[in-house]
Amino acid sequence: MLQTPSGGAGHGTTATDGLMSIGTVLNVLREEFPEVTISKIRFLESEGLIEPQRTPSGYRKFTVGDVERLGHVLRMQRDHYLPLKVIREHLDAMERGEAVALPAVGRQRDGEAALEPLEGPTAARIGKDELLAAAEIGEEQLKEWESYGLLTPMPDGSYDAEAVTVASLVVELGRFGIEPRHLRAMKAAADREAGLVDQVVAPLKRHRNPQTRAHAEARTKELAALTVKLHAALVQTALGVRLP
């Protein structure tokens, strides 16, 4: 169960209306979903899963109901591997008071055959327009970043959902004067790290046993998480800083 702050300026809320800033929402959600990002919240908004209010200056303000809805969305993605369209239909039906059951997708119960996921977590896609809207960038910026290999469209023109996070981080770094061309070294390092992980799990992926091949995905995620942590620790050590 998500625990929302009770209000007050110190929590990023407005004492009179109880609305929360996107930063406060992020902190609330990370108690259960540590990998959620502001880019993810913006993306879910662009997909119509939530509709936060806007201040006259354009800042998002979220209600407790918005946060609870976000929690439901993230939970259904994590636990059931459901595509956003199915999640939206499910939540809309719940709000209408209809009794609906989640589709049995992507999970195998004891004694039952596993159904093929409609859209696994590694297969999440977004269109070009959705990416531009979620990251709040223009087409020229997107083309420039693609030329440096920071973002790569798939053959059908769509992008991996993680592209939203990449684009948003490139925007944030740009505010400090770090241009996309400066990030080519980081992209090259990431490619080398990914290659190392692929090298380790390749024998599992080629195995004839389906369970062993499925284990390869879990091992890939585990190694990716360790690689990211090591990279962050090395950067902090090199800079002589410690992040919270």
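K40, I41 and L44 in helix α2 meet L70, V73, L74 and Q77 in helix α3, where contact means heavy atoms within 4.5 Å. The model is predicted, so that local features need pLDDT of at least 70 and side-chain atom pairs count only at pLDDT 80 or more, while totals for chains, interfaces and linings use all residues. Residues are numbered from 1 along each chain as its sequence is written, and side-chain values use heavy atoms, with hydrogens and water left out.

**Helix packing**
- Helix α2 (residues 38-46) and helix α3 (residues 64-80) pack at an angle of about 100 degrees with their axes 12 Å apart, which makes α2 roughly perpendicular to α3 (65 to 115 degrees).
- The residues of the contact of α2 with α3 comprise five nonpolar, one polar and one charged.
- Between α1 and α2 the packing angle is about 105 degrees, with the axes 10 Å apart, and these two helices are therefore roughly perpendicular to each other.
- This contact is made by I22, V25, L26 and L29 of α1 together with I38, I41 and R42 of α2.

- Leaving aside neighbours within four places in sequence, I87 is in contact with L49, V73, M76, Q77 and L82.

Conventions: Axes fitted to C-alpha atoms, helices over the stretch in contact; angles between N-to-C directions. Helix = DSSP H or I, 4+ residues; strand = E, 2+ residues; numbered from the N terminus. Parallel < 35°, antiparallel > 145°, perpendicular 65-115°, else oblique. Nonpolar A, V, L, I, M, F, W, Y, C, P; charged D, E, K, R; others polar.
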